[in-house]
Amino acid sequence: MIELNKLSKVYQLGNETFVALQDVSLRIHEGEFYSLVGPSGCGKSTILNIIAGLVPKTGGEARLASRAITGPTREIGMMFQTPVLLPWRTNLDNVLLPVEVFGLNRREYSEQALKLLDLVGLSAFARRYPFELSGGMQQRVAICRMLLCDPVVLLMDEPFSALDEMTREYLNMELLRIWQDRRKTVVFVTHNIGEAVLLSDRIAIMAASPGQLKQVAAIDLPRPRSKATLVDPTYFHQVARIRSILG
Amino acid sequence: MIASRSLGRAGEQLLALLFIAGCLLLWEVICRLGLVSSLVLPPPSAIAREFYSVCREIVAGGPLRTDSLVTLYETVAGFALAIVIAFGCGVLIAELPVLRRVLMPYLIALNAAPKIAFAPLILVWFGFGMSSKVVMAALVAFFPPLVNVIAGIAGADPQKLRLMRSLAASRWTTFVKVKLPDAMPVIFAGLKTAIVFSVVGAVVGEFVGADAGLGHVIKQTDYQLDVALTFALIVLLSLMGILLFYAIELIESRVLFWTRPQQ
């Protein structure tokens with residue numbers, strides 16, 4: 001589904017060059033939950049932004065569904081570290097934002113939007129505003145917005161890192177449930193190893209300066225995963241393995 | 001410790017009232033003792049009496065009502081003219097970097113020029129009637145909203161812009177759905193400055209040459225050395241400015257409901 005071939009990204013800052021990514025090659029399969037972990041500055045967010053078409057690459061190849069990535073497309077749904085909701089819109093209208101931007105029929109999608117809000121337990125807040133919600137609830141609205149137009153690939157850039165541990169765990173479970181149901185291709189950036197192991201089929205472990213791929217590890221934990229996975233000895237074993245690769 | 005130091009909201013309001021009452025009292029005493037001539041500085045009580053009769057005349061429909069309405073009209077019309085042009089220019093300058101580079105030096109120069117010095121010229125160009133005062137009010141009020149429209153639109157939240165880019169949103173869509181609403185708090189701050197400035201512009205325009213308006217009346221009372229009435233009219237003009245300011249603030253709190261502090 002996603003192919004990166006010797007991908008590189010170099011930033012030119014005055015006379016200095018900064019290598020954000022060096023020769024990163026990886027393949028992400030359709031329906032796979034794929035995480036990128038590594039220290040800050042390893043270029044994991046840069047990879048995500050290149051796949052999203054938000055940042056141009058400086059070398060190598062990047063393909064989405066066998067086509068070279070040239071810019072943002074509707075096939076991609078994205079989520080960021082913060083919810084980035086528009087405060088002057090109701091939560092329902094925030095979920096419907098992609099529909100409006102794509103020029104689709106609002107009425108056709110509003111039922112679907114309400115269903116999604118119901119799925120994450122927020123149907124009572126559909127006509128309320130984002131500032132009336134907690135951070136975790138806002139991120140759930142952002143999940144709905146990402147899913148509404150049925151994108152093929154979900155790109156999630158540390159979506160739960162600004163939340164407290166309990167909320168993060170709750171949203172991890174929500175995400176697992178939604179993913180189990182829809183089997184989208186997910187690229188998930190995090191610096192939380194436990195979170196990556198819990199969610200992923202495979203994890204790309206990266207190293208910094210210059211940003212490069214260290215190793216790709218398959219996570220051999222049965223699906224569907226749940227809270228019980230978190231106390232499975234295999235889970236701890238996998239977390240320890242990833243940690244040792246990270247160094 | 002902290003509790004004993006802070007007066008609380010009611011205490012602070014009381015203190016503010018006591019402060020102004022004290023100042024007025026001191027002023028009254030200075031005048032009553034004959035330390036300054038009442039021709040130069042009338043006591044607050046005399047100003048209050050004049051202000052009361054001004055208010056009565058306005059309510060009764062005397063000539064001062066017409067003058068007040070003329071100044072109010074000039075102020076509001078000048079404000080409207082200023083914000084429409086400032087909004088148009090501001091959007092173009094914020095959205096077109098070329099235009100910004102070409103126009104900004106001239107706009108800064110024009111802003112630095114003492115706009116009040118244009119008043120005699122504007123009288124020549126737009127005549128003795130209200131239109132020259134409207135233009136004067138607009139000229140004085142123009143720059144704060146212009147600067148704020150530019151700053152507001154150029155300062156839209158980069159995260160929201162990234163979201164719109166990830167949705168492949170067009171420039172127009174991004175402008176209407178994100179940049180403009182995101183800029184509204186900054187734009188409203190400019191509007192509140194502009195409304196107060198347009199009162200100044202209208203009055204200056206009337207000073208230079210007019211046959212109606214509160215500025216015109218102030219000039220006449222000044223010639224007649226009716227200082228108490230001059231003060232009363234200044235109070236009236238200030239009141240007009242304050243009311244217009246709060247009118248904008250009221251609109252702001254309705255429009256920008258999402259910026260209100262949450263309980």
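First, the ground rules. This is a predicted model, where local features need pLDDT of at least 70, side-chain atom pairs count only at pLDDT 80 or more, and totals for chains, interfaces and linings use all residues. Residues are numbered from 1 along each chain as its sequence is written, while chains are lettered from A and ligands numbered from 1 in the order in which they are written.

**The sheet in chain A**

Let's begin with strands. Helices (H or I, at least four residues) and strands (E, at least two) are DSSP runs, numbered from the N terminus. Two strands pair if DSSP finds at least two bridges between them.

In chain A, strand 1 (residues 2-13) and strand 2 (residues 16-28) run antiparallel, joined by nine bridges. Pick out a couple of those partners: E3(A) is bridged to R27(A) in strand 2 of chain A, and Y11(A) is bridged to F18(A) in strand 2 of chain A. The two strands form a hairpin with two residues between them, and G14(A) in the turn has a positive phi of about 65°.

Zoom out, and you'll find an open sheet of four strands in chain A, with the order 2-1-4-5 and antiparallel pairing. Which strands stand at the edges? Strand 2 and strand 5 (67-68) of chain A do; each has a single partner strand, so one side of each is left without a neighbour in the sheet.

Now find E61(A), which sits in strand 4 (residues 59-64) of chain A. A residue is buried if 20 or more other C-beta atoms lie within 10 Å of its own, exposed if 12 or fewer, and partly exposed in between, with C-beta atoms placed from the backbone. E61(A) has 13 C-beta neighbours inside 10 Å, so this residue counts as partly exposed. Two residues are in contact if their C-beta atoms, placed from the backbone, lie within 7 Å. Leaving aside neighbours within four places in sequence, E61(A) is in contact with N5(A), L7(A) and A68(A). The C-alpha atoms of E61(A) and S25(A) are separated by 8.8 Å, though these residues are 36 residues apart along the chain.

**Two domains in chain A**

Chain A is divided into domain 1 (2-75 + 153-246) and domain 2 (82-151), with bounds that come from an automatic or database domain assignment. Their C-alpha centres lie 24 Å apart. Where they touch, 12 residues of domain 1 of chain A are in contact with 10 residues of domain 2 of chain A. On the domain 1 side, strand 7 (153-157) and helix 6 (165-182) of chain A are the elements that give two or more residues. Helix 6 of chain A has the largest share, four residues. By class, that side has eight nonpolar, one polar and three charged residues. Here Ala, Val, Leu, Ile, Met, Phe, Trp, Tyr, Cys and Pro count as nonpolar, Asp, Glu, Lys and Arg as charged, and the others, Gly among them, as polar.

**Where chain B meets chain A**

How many residues of chain B are in contact with chain A? It's 14 residues of chain B, in contact with 17 residues of chain A. On the chain B side, helix 9 (158-166) and helix 10 (171-208) of chain B are the elements that give two or more residues. Helix 9 of chain B gives the most, with six residues. The residues on this side divide into seven nonpolar, four polar and three charged.

| Spot | Backbone feature | Location |
|---|---|---|
| S209(A) to P210(A) | cis peptide bond, omega near -5° | P210(A): loop between strand 9 (202-207) and strand 10 (212-218) of chain A |
| R223(A) to P224(A) | cis peptide bond, omega near -10° | P224(A): loop between strand 10 and helix 8 (233-246) of chain A |
| K6(A) | positive phi of about 45° | strand 1 of chain A |
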